[in-house]
Amino acid sequence: MQLDRLVFVTSNVDKLKEAEAVLGFSLGHRSLDLEEIQSLELEEVVSHKAAAAFGRLQRPALVEDTSLELKGLGGFPGPLIRWLLTSVGPEGICRIANAFDDTSATVRCIAMASDGVEEVMGLGFVTGLIVSAPRGRRGL
């Protein structure tokens with residue numbers, strides 16, 4: 001895969017800056033409205049998104065997606081976190097998680113590059129507890 005031609009498909013400029021810092025080189029950038037399938041399997045969501053990005057650009061594309069897995073809800077919302085955030089906001093997620101005895105959660109992020117033939121995937125995750133109310137910068 002030609003990394004010097006890699007285009008990061010995201011509408012979030014902060015994600016672009018973070019990806020460039022992690023990789024140590026500049027990326028091309030495009031903000032595309034890609035269809036995002038609804039699945040509880042994060043790998044399936046990211047693979048579909050990467051294939052769609054390559055199909056639209058016809059050059060190697062990098063995409064990412066994030067999953068929030070609440071232990072008290074058996075891993076829900078998973079990759080559906082954007083939908084839940086839009087519906088109830090950070091405050092609602094705190095209330096939902098704290099309705100259960102176990103407030104532990106795992107956030108997984110998968111980045112995937114695709115050149116139409118090969119897919120290269122990287123996974124990062126962090127575990128922790130959901131607090132009773134949002135705090136920090138912008139509720140994050």
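Helices (H or I, at least four residues) and strands (E, at least two) are DSSP runs, numbered from the N terminus. This is a predicted model, in which local features need pLDDT of at least 70, side-chain atom pairs count only at pLDDT 80 or more, and totals for chains, interfaces and linings use all residues. Residues are numbered from 1 along each chain as its sequence is written, and side-chain values use heavy atoms, with hydrogens and water left out.

View 1. Strand β4 covers residues 77–78 and contains Pro 77. The peptide bond that joins Phe 76 to Pro 77 is cis, with omega at about 5 degrees.

**View 2. The whole chain.** Three helices and six strands make up the secondary structure, and their order along the sequence is β-α-β-α-β-β-α-β-β. The C-alpha trace spans about 50 × 30 × 25 Å along its principal axes. Of the 140 residues, 36% are buried (under 20% relative accessible area; exposed is over 50%, partly exposed in between; 1.4 Å probe, protein chains only). Among contacts (heavy atoms within 4.5 Å) between residues at least 6 apart in sequence, 55% join residues at least 24 apart.

**View 3. The largest nonpolar core.** A nonpolar core is a set of buried Ala, Val, Leu, Ile, Met, Phe, Trp, Tyr and Cys residues joined through side-chain atoms within 4.5 Å. The largest has 13 residues, of which Val 9, Leu 34, Val 46, Ala 53, Leu 57 and Val 63 touch the most other members. At least two residues of this core come from each of β1 (7–9), α2 (42–57), β3 (61–70) and β5 (104–114). Helix α2 gives the largest share, five residues. A second, separate core has nine residues, including Ile 81, Ile 93, Ala 97 and Ala 105. Not counting residues up to four places away in sequence, Val 46 touches Val 63, Asp 65, Ile 110 and Met 112.

**View 4. Ser 67 in strand β3.** Ser 67 lies in strand β3 and is buried, with a relative accessible area of 0%. Its side chain makes a polar contact of 2.9 Å with the side chain of Glu 69. A polar contact is a pair of N or O atoms within 3.5 Å; within protein, one must be able to donate a hydrogen and the other to accept it, and residues adjacent in sequence count only if both atoms are side-chain atoms. Apart from residues up to four places away in sequence, Ser 67 touches Leu 42, Gly 78, Pro 79, Thr 106, Val 107 and Arg 108.

View 5. Thr 10 sits in the loop between β1 and α1 and is buried, with a relative accessible area of 10%. A polar atom of the Thr 10 side chain lies 3.1 Å from the backbone nitrogen of Asn 12. At the start of helix α1 (residues 13–23), a side-chain oxygen of Asn 12 comes to within 2.9 Å of the backbone nitrogen of Asp 14. Neighbours within four places in sequence aside, Thr 10 contacts Lys 15, Leu 16, His 29, Arg 30 and Ser 31.

**View 6. Two residues with positive phi.** Gln 58 is not a glycine, yet its phi is positive at about 55 degrees. Gln 58 belongs to the loop between α2 and β3 and is exposed, with a relative accessible area of 53%.
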